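Have a look at the model, then read on.

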Amino acid sequence: MKLSWVDIRSVGSAKDAIVQEAIHARVEGILAADPADLEKLPPTVKKVLFPQGQTLPESFGAADVVIVDPAKHGEPAELALAHPDVEFGRFVEIIDAETLEDACQSGRVDKWSVLLFRDPTKIPLEIVIAAAARANGSLVTVAKDVEEAEIIFGVLELGSDGVLMAPAKVGDVTALKAAAEGGIPDLELAELEVTATTHVGMGERACVDTATYFGKDEGILVGSHSKGMILCVSETHPLPYMPTRPFRVNAGAIHSYTVGQNERTNYLSELKAGSKVTAVDIHGKTRLVTVGRVKIETRPLLSIDAVGPDGRTANLILQDDWHVRVLGPGGTVLNSTELKPGDKVLGYLPVEDRHVGYPINEFCLEK
């Protein structure tokens, strides 16, 4: 779980609204310079005091964590001895090799390290993350906005343990929390039984090329209906007539849905470079991946109908060719043109209807 800390020291007149949003979004920490700003916060949020540029107050009030600048306030370890009921962390501003080493050392020994990188490159953060990889403390990196927070959460694949951000407006806190949670939750896949396959003639299909490698048991969910999708495998597995392309999924006809960001469905036809799609493995574990290119070409198409254990159905129309494949139970790779009634494939049967891709509780008939 990545940590979302909200800095309310400079949010001005919107402070009360932002605090309420932060509580509602269940962020992990709210940071203030004045102990009075922490007094009425509920126990669900960590109260973080950081009197940057000021002397330490005589009382830390309700603060759970106090972040200090050692040059002005003293060493966190020494302060912890004098105040055993409060956790202490170190603030480090990284501007050169010396302060970078300070940050690495803090990551190795301090319970909390709040890091401010003055240069836009993320290489220094990579170094700190690597240096603190086996430590028990937490790195909380300052981000100027949600877009930078998303990058910080993914640096060196591990990412910073947390992000500290001063919201520019109401709504930024909710977006920060969503970035920390990494998008869509894991999904519950079902074993679907194929009931029919039909050659349906020519049409346009989309190959989705991503900017990442898929695992051998991973692909994307594709279906003609928003409430029934089948797991299409990437071109990770060897083929006799062409090289593997483990970044590609030959996904389906252009009208098809796939799962994108924030649990929203997208048509394959509307994906483009920079879009996000949800990669899913056979256990239902998910991750967001970035689309690098979508190739749409006219090809013969095959329709696959399948039914779940509870009677709900799914349909997938994809390229009518042997090398286009889907995943079955246990990660079995199945050539689509060899599927027959009774075969089992992995799929996803969400219960929500959709409006412009978003889940909504309303009547909607798809057929």
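A residue counts as buried under 20% relative accessible area, as exposed over 50%, and as partly exposed in between. So K169, at 49% relative accessibility, lands in the partly exposed class. Bear in mind that this is a predicted model.

**Overall build**
- The chain has seven helices and 22 strands, and its C-alpha atoms fill a box of roughly 80 × 45 × 30 Å along the principal axes.
- Of the 367 residues, 50% are buried.
- Among contacts with a separation of 6 or more, 57% are between residues 24 or more positions apart.

**Charges**
- Searching the whole structure turns up 19 salt bridges.

**Salt bridges worth a click**
- K169 pairs with D172, with the closest N and O atoms 2.9 Å apart; D172 counts as buried because its relative accessibility is 12%.
- D7 and R9 also form a salt bridge, at 2.8 Å from N to O. D7 is buried at 7% relative accessibility, while R9 is partly exposed at 32%.
- E297 and R205 make another, with their closest N and O atoms 2.8 Å apart. This pair links distant parts of the chain, joining strand β16 (residues 286-307) to strand β9 (residues 190-210) across 92 residues.
- R205 is buried at 4% relative accessibility, whereas E297 is partly exposed at 23%.
- R205 and E297 also belong to a salt-bridge network with K295 and R299.

Note on methods: Residues are numbered from 1 along each chain as its sequence is written. This is a predicted model: local features need pLDDT of at least 70, side-chain atom pairs count only at pLDDT 80 or more; totals for chains, interfaces and linings use all residues. Side-chain values use heavy atoms; hydrogens and water are left out. Helices (H or I, at least four residues) and strands (E, at least two) are DSSP runs, numbered from the N terminus. Buried means under 20% relative accessible area, exposed over 50%, partly exposed in between (1.4 Å probe, protein chains only). Contact means heavy atoms within 4.5 Å. A salt bridge is a side-chain nitrogen of Lys or Arg within 4 Å of a carboxyl oxygen of Asp or Glu.
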